[in-house]
Amino acid sequence: QSNEYCKWRTEMVNNELTKNDEDAVLYPAYRLPTEAEWEYAARGLLESEIYAWEGKSLRNRKGEFMANFKRGRGDYAGWRGSDGKHMTDHYMITAPVMEFYPNDFGLYNMSGNVAEWTQDTYRILALEDNNDFNPFRRKGKTDIQPDDWLDDISYKRKESLLFNPDNFTPGNDAFDNIKVYRGGSWADIAYYLSPGSRRYFNADSSAATIGFRCAMIRAGSNY
C-alpha cells in the first residue's frame with residue numbers, strides 16, 4: 001500500500017506540473033527510503049547521539065517530552081506529579097505531525113509517534129555483509145550453500161533469525177517479503193526511539209504503529 005501511494009503521489013504531482021506547462025521538468029518518483037537513507041535522515045548529522053535530537057534526555061530544558069512514546073506497561077502518555085513538574089506527552093495514541101520538535105534536518109517524528117517502513121529486506125547481519133557505500137538490501141541473498149549446513153553450524157552466525165535451513169529450497173524468496181521498519185511509535189518504549197534500532201514485519205501486513213514517509217532522488221544542484 002505504501003509503494004502504491006508513492007506511485008500515486010508521483011503521478012499526481014507531475015500531472016499538476018504539466019497541467020499549465022507541457023514542458024515542465026518532472027519530479028523523480030516518490031518511493032520509500034532505504035534503511036540507510038532513513039537513519040541518515042533521522043540522525044540529522046548527529047551521528048553519536050542516542051535519539052534524533054542532541055543529548056541523552058527524553059525531555060527538553062522545559063521538561064517537555066521530545067517524542068510521543070510509551071514510558072512503560074500501560075503508561076502511554078506519562079503522568080503529571082503533584083508538584084506539576086512531571087509533564088506528559090499528552091497523547092495516548094498518535095499525535096499531530098508538528099506537535100513535537102523537528103530534528104536538525106527539519107524532519108518531524110523521526111523518533112516516536114509512528115515507526116516507519118523502509119525498502120530493505122530484513123537480515124539480522126545486513127549491516128555487516130552489505131556494501132558500505134549506499135547500502136540497500138533488495139533481497140536477502142546468501143553466500144551459504146545448502147551443503148554447508150551438514151557439517152558447519154556457522155550459518156547461525158551469518159544468517160537472519162528468520163532464515164530456517166530446513167525450509168530452504170533454491171529460488172525460495174519467502175523470506176524476502178520481510179521488510180525493515182525503523183523509529184519508535186506511540187506504543188513503543190524509549191529503546192526503539194533510537195535511529196539505530198531496527199525491526200522487521202511482513203510486507204503484506206499492517207499495524208496501527210507503523211506508517212511511512214516518502215523519499216526521492218535529489219534533483220538539481222546542491223547550490
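Reader: Is Cys-6 buried or exposed?
Author: This is a predicted model: local features need pLDDT of at least 70, side-chain atom pairs count only at pLDDT 80 or more, and totals for chains, interfaces and linings use all residues. Residues are numbered from 1 along each chain as its sequence is written, and side-chain values use heavy atoms, leaving out hydrogens and water. Buried means under 20% relative accessible area, exposed over 50%, and partly exposed in between (1.4 Å probe, protein chains only). Cys-6 has a relative accessible area of 2%, so Cys-6 is buried.

Reader: How many disulfides does a search of the whole structure find?
Author: Cys-214 is partly exposed, at 23% relative accessibility. Its closest cysteine sulfur, in Cys-6, is too far for a bond. For disulfides, the search of the whole structure returns 0.

Reader: In what order do the elements run from the N terminus?
Author: Helices (H or I, at least four residues) and strands (E, at least two) are DSSP runs, numbered from the N terminus. The protein has 5 helices and 4 strands. Their order is α-α-β-α-α-α-β-β-β.

Reader: Which residues make the nonpolar surface patch of about 380 Å²?
Author: Patches are made of residues with over 30% relative accessible area and no salt bridge; like charges are joined within 9 Å, nonpolar side chains (Val, Leu, Ile, Met, Phe, Trp, Tyr) within 5 Å. Trp-8 sits in helix H1, residues 2–19. At 46% relative accessibility, Trp-8 is partly exposed. The patch is made by Tyr-5, Trp-8, Met-12 and Phe-212.

Reader: How far apart along helix H1 are Lys-19 and Glu-16?
Author: A salt bridge is a side-chain nitrogen of Lys or Arg within 4 Å of a carboxyl oxygen of Asp or Glu. Lys-19 and Glu-16 form one, at 3.1 Å from N to O. Lys-19 is exposed at 56%, while Glu-16 is partly exposed at 49%. Being 3 residues apart in H1, they are separated by about one helical turn.

Reader: How far apart in sequence are the parts tied by Arg-199 and Asp-188?
Author: Both residues are buried: Arg-199 at 15% and Asp-188 at 12%. Their salt bridge has its closest N and O atoms 2.9 Å apart. Arg-199 lies in strand E3 and Asp-188 in the loop between E2 and E3, so the parts tied are 11 residues apart in sequence.

Reader: Which residues do salt bridges with shared partners join into one network?
Author: The whole structure holds 9 salt bridges. Those that share partners join Glu-35, Glu-39, Arg-43, Arg-182 and Arg-198.

Reader: Which strands do the buried residues of H2 pack against?
Author: In H2, the buried residues are Glu-35, Trp-38, Ala-41, Ala-42 and Arg-43. Just after H2, Gly-44 takes a positive phi of about 55 degrees. The buried residues of H2 pack against E1 (115–121), E2 and E3.

Reader: Which members of the largest nonpolar core touch the most other members?
Author: A nonpolar core is a set of buried Ala, Val, Leu, Ile, Met, Phe, Trp, Tyr and Cys residues joined through side-chain atoms within 4.5 Å. The largest core has 14 residues. Those touching the most other members are Tyr-51, Trp-53, Leu-58, Phe-69, Met-110, Ala-190 and Leu-193.

Reader: How many residues are in the second, separate core?
Author: Its members include Leu-32, Ala-115, Tyr-181 and Ile-210. The number of residues in this second core is 5.

Reader: Which residues are in contact with Ala-187, leaving aside its neighbours within four places in sequence?
Author: Contact means heavy atoms within 4.5 Å. Ala-187 is found in the loop between E2 (178–182) and E3 (198–202), and is partly exposed at 22%. Its C-alpha atom is 7.3 Å from that of Ile-93, 94 residues apart along the chain. The contacts of Ala-187 are Lys-70, Tyr-76 and Thr-209.

Key
Areas by Shrake-Rupley, 256 points an atom, 1.4 Å probe, with all protein chains shown as cover. Disulfide = S-S within 2.5 Å.
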